[in-house]
Amino acid sequence: MARTLFHTSLIYRTTTEHKRDVAEFCGNVELCRLTEQVVFSDPYKLSQYNRWTSPYLDQDAEAIRDDNTLKLEVAGLKSMFCERAQALIHGDLHTGSVMVTQDSTQVIDPEFAFYGPMGFDIGAFIGNLILAFYAQDGHANQANSRKKYKEWILKTIEETWVLFYKKFTALWDEHKNGHGEAYLPEIYNNPELQLLVQKKFMTDLLHDTLGFGAAKMIRRIVGVAHVEDFESIADAAKRAKCERQALEMAKLLVKERRKFQSISEVVMAIVMRNF
């Protein structure tokens, strides 16, 4: 993510290069429209495609449709997804798109790729990890409490952002005197200013990540496509309890994401809402 998002952004590239590649990917409009529908529209209205663990989550789904504050924030996220050609993104980077062995990591299914907001990719991945965390209690039994696995998921959430931050800013430092036109070296060559710029950029990106990740979480619970983490919980009441916790966390992240200043604060909030 760090390499792809950095090298296709205006931090690294000229506006001429950037606009040329944005134009090349503009043709992927139908798959972008599908994302707009299932992530930013359907969960917030009555739609034939929506489904959830009924009747347990009937009131929860209705509450989402009636939450004006939530819908205002989601409108802003949708606008950003449609309008902000920040970098080349995968567009569907959930955990099922990542194939991992001890020796290599491969990312598959790039058919949704286009130039969009960086936080959409990072958020999709982290959002799936948060869903996996909340699903574990539904799979726990006397033989396996899933406690260690839950701890591993939380660690992975934190490490994902921390390592992305480290690698992205390292690339930025390496190419700070390059031909990228977002932050021209003759303006931002002051070390103190460079740090301020990076801090603001990465804080804004964290907030984007949380918003998009939470929107993806909501659609995975009350929208058209769900995750196996929850779907494989046979007991519907138990599944609904896990999903409700995830849903409440997602709503909090969408509405209050700008209050979080670090990923560790996010992880703490996740733990506090696991009961």
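Let me start with the second largest pocket: helix 2 (15-25), helix 3 (29-40), helix 5 (68-83) and strand 4 (114-116) each supply at least two residues of its lining. Helices here are DSSP runs of H or I of at least four residues, strands are runs of E of at least two, and both are numbered from the N terminus.

This is a predicted model, so local features need pLDDT of at least 70 and side-chain atom pairs count only at pLDDT 80 or more, while totals for chains, interfaces and linings use all residues. Residues are numbered from 1 along each chain as its sequence is written, and side-chain values use heavy atoms, with hydrogens and water left out.

On method: the grid is 1 Å over the protein atoms alone; a pocket is an open set of points with protein on both sides within 12 Å along at least five of seven lines, a cavity is a set where a 1.4 Å probe fits but cannot get out, and lining residues have an atom within 4 Å of a point. Points are joined across faces, edges and corners, and a volume is the space filled by probe spheres set on them.

Back to that second largest pocket. Its volume is about 230 Å³. Of its 15 lining residues, Cys26, Cys32, Cys82, Phe114 and Tyr115 lie nearest the centre. Helix 3 gives the most to the lining, with four residues.

The largest pocket has a volume of about 1200 Å³. It is lined by 37 residues, and Met1, Val98, Thr105, Val107 and Phe125 are the closest to its centre. Which helix gives the most to this lining? Helix 7, with ten residues.

Next, the cavities. There are two of 30 Å³ or more. The largest holds about 70 Å³, and among its lining residues are Phe6, Trp172, His175 and Tyr183. Helix 6 gives the most, with four residues.

Last, the packing. The largest nonpolar core has 73 residues, and Ile157, Phe168 and Phe230 have the most contacts inside it. A nonpolar core is a set of buried Ala, Val, Leu, Ile, Met, Phe, Trp, Tyr and Cys residues joined through side-chain atoms within 4.5 Å; buried means under 20% relative accessible area with a 1.4 Å probe, protein chains only. Ile157 touches Ile126, Leu129, Ile130, Ile263, Val267 and Ile270, not counting residues up to four places away in sequence, where contact means heavy atoms within 4.5 Å.

Definitions and conventions
Buried means under 20% relative accessible area, exposed over 50%, partly exposed in between (1.4 Å probe, protein chains only).
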